[in-house]
Amino acid sequence: METSIQEAVPVTEQLEPIIELKRLTKRYDTQVAVNGLNLTISRGEVFGLLGPNGAGKTTTILMMLGLTEPTSGSARICGLDPVRQALQIKRRVGYMPDDVGFYEDRTAIDNLMLTARLNRIPSAEGIARAQELLELVGLKDAVNKKVGAFSRGMRQRLGIADVLIKRPEVVILDEPTLGIDPEGVRELLKLISDLSRKEKITVLLSSHHLHQVQQICDRVGLFVRGELIASGDIESLAEQLDDEGTVTVELEAEGWSEDLIHRLTNLSGVISYHGPQSHELVHNSITASATLICSRDLSSEAALEIIQSGARLNAISRKQYGLDDIYHRYFEGGERGERSSSKS
Amino acid sequence: MNEAAASPNWLKRIFTGNQPSLRKQARLEKTSVRTTSPFWVMVQKEFGDHMRSWRFIILIAIIALACIGSIYTAVTALRDGVKSQQADNNFLFLQMFTVSDGTLPTFVTFVSFLGPLVGIALGFDAVNTERNKGTLSRLLSQPIYRDDFILAKFTASLLLVAVVLYSLGFLVMGLGLFTIGYPPTPEEVMRVILFLFVATVYVGFWLNLAILFSIRFRQAATSALSGIALWLFFTIFYSMLVGIIEKATAPDASSALSILLRHANRMLLLNRLSPAYLFSEATSTLLTPGVRSLGPLTTAQVIGAISSPLSLMQSILLSWPQLVGLIAATMICFGISYVLFMRQEVRSKG
């Protein structure tokens, strides 16, 4: 049973913000890629930037790294301005682009060493760290293998190692799970969440896969057509989505009786009851399930009624709004619009 | 909180007005840790990549063959010339680079013809391949300056070109020494070294042009084709075009001298817009000390002149504008590449 909406009050406000975006805007000729984005991410957080293709996720990330200049608005990463101090930011922030590329005719360790040397890590230290990281991401056997022979999942894991070799404070991953099989995704996400917990690294990852983001993110931002339309953890997003204010309780019980139906329908706060009707109850020991649409969370009250009516309660749950529902609600139509005007 | 201790530092750095410039800051950090600067790391990487690539091996093989062929023809031509007492014995050593018995072109011709091809081959996919493979965005998210990236590409390839040209040049000199047994004077050695320098600059121009195309065009094939098209245009068609214009606009042969001279100078100017022409002028001055002027001379100007070879300094002086022109063309290409590249957005997939 997950009924604790109240706990979702942002704990983050007390923490030091490491990424601060204020009214960040990027326009391309006529099209607005990012529109007045306000976002604060605090140190050690795992934040998921969620949105359909072409929502402006990558543009936002590029602006954070100073690889693209914002049209207006400001960004602060580790207290630095990406427009003017891009180099210092790049020293502190690890970025893995979507579809990360490596020099294919070089070995895994060569590729990592290049990154290490570009970050002015002395070579002895760099080699040690590269080997350590390759072991960490599970590429120990492929250290001296050319990257050209790597599978998609291996590349992605090498990308993680590549990002981590400079010991970043912030890691930005653009679509890290794109094109990997489910098992690979699971491993990769576990790796990411382990890292952020252990090394206290702030992680910003963008994705359009809800379930994956759901698994590891502390908070999620929904990004559609250049605007952040909702942010928070999954529960508070569900709450934001739930503008009708109804709670759905699903229950299954053995021994339905007319009394029980009566009790449930008359429970104060129940808007509608979908379940076995009294004429359907042939004998008393029928097992059936029902759905209650309530104005507030009535799961415990409903459970009490079932017990009191003498029936056996098999299962009860308050239906969570999954990210799927959220996704559909927010992204419907949005994606269609984006596709017709594909980005430059 | 432990961040409280750290924050005044960066706050101070951000808000004080007299903060050192970014470059200066980077230099300060450079001195604190003794490591290779990212620029040279990139140069090393590029250099290594070229050395390993098949493309480079093939190019080297073609050019080495061409040069050895040319030296063979030059040596036979010289031997025949000396036997028949026809050859000009002055600067015999330099003639190895400029003389041929007619079966194969000379060393200079080979360099002026194949050099641009080397430049284009080394540069045409410098930036677009990195972009298409997704390495560009990964590289640029490292703490490096964006202009350092293209500069490193250029530097590495130019270094390679210099190494190749100088080793070929010295190889030819050594072989010549063996076969004709005629030692060069210090002046001749200097002239060869200078010629190789001009050749490097010339190839550098084509290299830069190729890098410019590789920034402009997303497809490596498009960029290679445009480079080759321009190369063909300048080496073959441009002189033909100028020839047509010359004929069409030529004043009557009986016109006044000033009109004839003006026309000749105009045509020369038109010719000199081609880097290939500039290169041929500069090399012929350097390798043939007998060349006294690159423009038209009137009889009045020639009167009283003693027909003797120019000294090294005079030859350099004569070819100086050509050299400057080549360097300027290279710089212009680099400037355009710089502007294009700084404005381009770095996305892994276009």
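How are H6(B) and H9(B) oriented to each other, roughly parallel or roughly antiparallel? The points below take up chain A and then return to this helix pair in chain B.

1. The model is predicted. What follows rests on computed geometry.

2. Chain A is divided into two parts: domain 1 covers 10–241, and domain 2 covers 247–318. Taken over C-alpha atoms, the centres of domain 1 of chain A and domain 2 of chain A are separated by 47 Å.

3. The secondary structure of chain A comprises 12 helices and 13 strands. Of the 344 residues in chain A, 44% are buried. For contacts in chain A between residues at least 6 apart in sequence, 71% join residues at least 24 apart.

4. In chain B, helix H6 (residues 107–123) packs with helix H9 (residues 146–180) at an angle of about 155°. The axes of these two helices are 11 Å apart. Angles over 145 degrees count as roughly antiparallel, and H6(B) and H9(B) are therefore roughly antiparallel to each other. This answers the opening question. The crossing of H6(B) and H9(B) is right-handed.

5. On the H6(B) side, the contact is made by Phe107(B), Val118(B), Gly119(B), Leu122(B) and Gly123(B). H9(B) contributes Ser157(B), Leu160(B), Val161(B) and Val172(B). By residue class, the contact of H6(B) with H9(B) has six nonpolar residues, three polar and no charged.

Terms used. Residues numbered from 1 in each chain as written. Chains lettered and ligands numbered in written order. Predicted model: local features only at pLDDT ≥ 70, side-chain atom pairs only at ≥ 80, totals over all residues. Domains from an automatic or database assignment. Helix = DSSP H or I, 4+ residues; strand = E, 2+ residues; numbered from the N terminus. Buried ≥ 20, exposed ≤ 12 C-beta atoms within 10 Å, placed from the backbone. Contact = placed C-beta atoms within 7 Å. Axes fitted to C-alpha atoms, helices over the stretch in contact; angles between N-to-C directions. Parallel < 35°, antiparallel > 145°, perpendicular 65-115°, else oblique. Left-handed = near helix turned anticlockwise from the far one by under 90°. Nonpolar A, V, L, I, M, F, W, Y, C, P; charged D, E, K, R; others polar.
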